[in-house]
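Here is a short report on how two parts of one chain meet. Look at the structure first, then read on.

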Amino acid sequence: MRRIGFAVLGLSLAGFSLWGSAADGQVPAANKAVLGAWGVDLSGMDRNVKPGDDFFRYVNGAWFDTAEIPPDRTTTGSFVQLDIQSETRVRSILSELEARGANLSAEERQVRDLYASYVDTDRVERLGLEPARRDLAAIAGLRTHEDVARAMASPELGTESIFDVRIGVDDKNPDAYAVFVRQSGLGLPDRDYYRLDEKGIVAAREKYRTYIAEMLRLGGVPDQAATAKAEAIFKLETEIAEIHWSRADRRDADKTYNPMRASELAQFAPDFPWAAHLRESGIPNPSAGERQVIISEKSAFPGLASLFARTPVDLWRDYLTFHYLSGHAAYLPKRFDDARFEFYGKVLGGQREQLARDKRGVRFVGGMMGENVGRLYVARYFPADAKAKAQDLVRNLLDVYRQRIQTADWMSPETRRQALEKVGTFSVKIGYPDNWRDYSALRVDPADLLGNQARGSRFEWNRRLVRLDQPVDRSEWGMSPQTVNAYYNSSLNEIVFPAGILQPPFFDPNADPAVNYGGIGAVIGHEISHGFDDQGSKYDAEGVLRNWWTEADRRNFDGRTTALVDQFAGYTPVPGLSVNGRLTLGENIADLAGLTVSHAAYHLSLKGAQPPVLDGFTGDQRIFLGYAQVWRFKAREETLRQRVLSDPHSPPEFRINGAVRNVDAWYDAMGVAPGDKLYLAPSSRVRLW
Ligand SMILES: [Zn+2]
């Protein structure tokens, strides 16, 4: 059930505090590109920099020097601008629903009421901790380890667990859903936050302890006791972190596929009450035989189970109380929300100000019923012909891929045959789903924010539960249409492009085609390439995880990608913290291959015609300008640190510089020569397709 997005996915921890305000995107005059005269904002360039020394700065330097990160955001750049636009549009839809009052469809009413419950902060303040009383009492009433395991599994309670149960498509049988269990249980973004001694990490760790104590205090624990409990919780999480697998290992599709029957799991990691945990999750027994589960970080399971058993119940109660309050802070009075922002927003993200409540309400509604919102969004903001245009581009890119596989000199006929079969079976989703998700069973009460949250979690979990033992729904979307992102799903061998990303600077029907190939073309190429990255290449044309490569081909491919691991490990976005070459390998492969293939697709589209020179830039140059413009980006150091430690995508500066220096055509187009800082000798360039 691997699904990999194009850009950073809202870091779940700081997720609901990342977004903010701006004006809607300007409406372009007919036939006029939105950016510059033909799609690139040339005023953002720094022409004093040689492209071969720093291509990021050459294209984005002037912009970078003056760009300011809004105080309620942690980054700025092309992506954030589109996110802000999408958010502003949804906000205006919500205003319209509010204004229309009674005259609403059932779906519209649900959206409006859910939003209303979120922005009614007077009511939240007045109710205080009352709506949470029952949950907190339930946690306080836990008496046995079995009680704790049940509380960890409860979707309504929505607190933390050391094991995370999911339902997804079975990697070795893409026609069926399976139960997956993964390691979990940390409040900091990654195990490295508990282990490394880089100064920013040490500072974050210290403030996390203060934060735990503060949350407990707000929840009614007396001062001194809160400090002592916080120490114990932090120590417990540190022990969990010591057992956890690294993120790089967790990307490995083979290592993380460990099927066993529930009874075998109970023997393998005997110190955890699996039966109680799975029963509380509601996992049904199959009609015949025993339920199988697929566990991810296999060697961590016995250790986590044993830590679970030897940790006293009263410490687990404190741990669950803290995580309940922290996880629900946005639905509780402002003092909780503020405390959470101080840590997750300011300390971990470098965000200066909390985002306005209405903008956060947009995120909340999108998170819980994204397709109800998306349906209203595409009706207003997704032009009918955009889908057809994007489909043409996808077809071109797939054609080039087919040619590249056909001519790759390092691939044997046997592997080639199966790779071609895989390219031939890609399915493509563009814009929005054919079948909209039905939320009618979700009861929304405009006067009950916390209850809405609990019912929303239960609704989503039930939606997944009922699918077990049912055929796989191939029409389902993993992102809502208003999302500015794209993804590849290896089990369904599908690439998905929501309406939100089919806009400038990625895609502008009025821009020069070369710029679109550098933008959305490279995005499409990126997603196709995930089917052939270090992990995606382990899935065959049917989406089955199995080795279909000959040994020599796999060795050859791994040799090429290892060189990419080493290149990226040499980049240091934050002093003392380098890019993790293994963690980011799949994304770096996808960027490099996507750009290479998109460049070729542009040439194919010219059908032999000579493209014009625009403002002194050739067609090839405009592809690379368009590519680099997409990754215009500036971030607070705290956010950069968090991403380096937890995001499989490299920071944008290296998605530009780290990719182009391996592309032969970039050297020709930009006149890059030995002596330039990004120059790589032809023999050192990584070539995949
Ligand atoms: Zn990707």
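Between domain 1 and domain 2 there are 14 residue pairs in polar contact, with both residues at pLDDT 80 or more. A polar contact is a pair of N or O atoms within 3.5 Å; within protein, one must be able to donate a hydrogen and the other to accept it, and residues adjacent in sequence count only if both atoms are side-chain atoms. On the side of domain 1 that touches domain 2, the elements giving two or more residues are α19 (449-465), α22 (585-606) and α24 (637-646). Helix α19 gives the largest share, nine residues. Helices are DSSP runs (H or I, at least four residues), numbered from the N terminus.

This is a predicted model: local features need pLDDT of at least 70, side-chain atom pairs count only at pLDDT 80 or more, and totals for chains, interfaces and linings use all residues. Residues are numbered from 1 along each chain as its sequence is written, and side-chain values use heavy atoms, with hydrogens and water left out.

**The two domains**

The domain assignment gives domain 1 as 6-12 + 63-91 + 361-441 + 449-466 + 473-684, and domain 2 as 129-331. These bounds come from an automatic or database domain assignment. The C-alpha centres of the two domains lie 31 Å apart.

How many residues of domain 1 are in contact with domain 2? There are 35, and they meet 38 residues of domain 2. Contact means heavy atoms within 4.5 Å. The buried area is about 3,100 Å², and carbon and sulfur atoms give 58% of that. Buried area is the accessible area (1.4 Å probe) that two parts lose on being put together, summed over both. Leu450, Trp461 and Leu545 supply 22% of the area that domain 1 buries against domain 2, more than any other three residues.

**Side-chain pairs**

The rule finds six salt bridges across the interface of domain 1 and domain 2. A salt bridge is a side-chain nitrogen of Lys or Arg within 4 Å of a carboxyl oxygen of Asp or Glu. Two side-chain pairs in the model are listed here.

| Pair | Kind | Distance |
|---|---|---|
| Arg251 and Asp534 | salt bridge | 2.9 Å, N to O |
| Ser412 and Asp553 | polar contact | 2.5 Å |

Ser412 sits in the loop between α17 (384-407) and α18 (413-424). Leaving out residues up to four places away in sequence, Ser412 touches Thr550 and Asp553.

**Confidence**

The chain has a mean pLDDT of 94, and 97% of its residues reach 70 or more. Over residues 9-28 the pLDDT is below 50. pLDDT is the predictor's confidence in each residue, from 0 to 100.
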